[in-house]
Amino acid sequence: MEESFLEVVRLDEVAMKYGVSCEICGDQVALRFGNLEVRVVNEGGSYVALIQLPLPKDFLDDYLVGEYLERYCIFLKVAARGGFTASLTYELREDLGAVVARVPLGNLGRVVDFVRRFAEVYEDVRGTCRPR
């Protein structure tokens, strides 16, 4: 995050505006949208957003089913409405017990734009994905 102090301040402002938990540590940003976590990391000079979607393992009860359904639903709605589906790729991470969605972002300015758009759409869909 050494590229631009101004961009880091803008990122923090976006997070505060939408009430998103935002932790910046070195070249990583961890954002929490409800129970959905988005990490932005620097890979070889270019930023990438990583969204971890858990997969059921040995144990699955009604509570976990509800949690997983809510995360998947929020992710799918945000990806579709936010316009991220065209650039998404997925990676199965057995060590994490999850599928990791990747969105290439590029520079820090685009990270700020991504977080703003993600937060705007999240605000619209929050509460619409709770299992009945």
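Q: What is the bridge partner of F33 in β3?
A: That's L36. The model is predicted, so local features need pLDDT of at least 70 and side-chain atom pairs 80 or more, while totals for chains, interfaces and linings use all residues. Residues are numbered from 1 along each chain as its sequence is written, and side-chain values use heavy atoms, with hydrogens and water left out.

Q: What makes β2 and β3 a pair?
A: Two strands pair if DSSP finds at least two bridges between them. β2 (residues 28-33) and β3 (residues 36-43) have six, in the antiparallel sense, so they qualify. Strands here are DSSP runs of E, at least two residues, and helices are runs of H or I, at least four, both numbered from the N terminus. Two residues sit between β2 and β3 in their hairpin, and G34 in that turn has a positive phi of about 65 degrees.

Q: Why is N35 called buried?
A: Buried means under 20% relative accessible area, exposed over 50%, and partly exposed in between (1.4 Å probe, protein chains only). N35 comes in at 18%, so buried it is. This residue is in the loop between β2 and β3.

Q: What makes the link between the side chains of N35 and E67 a polar contact?
A: The term needs a pair of N or O atoms within 3.5 Å; within protein, one must be able to donate a hydrogen and the other to accept it, and residues adjacent in sequence count only if both atoms are side-chain atoms.

Q: How do you know that the length of α3 agrees with its residue count?
A: The expected span is 1.5 Å times one less than the number of residues. For the 18 residues of α3 (residues 108-125) that gives 26 Å, and the end C-alpha atoms are 26 Å apart, so the two agree.

Q: Which residue caps the N-terminal end of α3?
A: N107 does: a side-chain oxygen lies 3.1 Å from the backbone nitrogen of G109. After α3 comes G127, with a positive phi near 85 degrees.

Q: Which residues of α3 are buried?
A: Among them are L108, V111, V112, V115, F118, A119 and Y122. An α-helix has 3.6 residues a turn, so residues three or four places apart point the same way.
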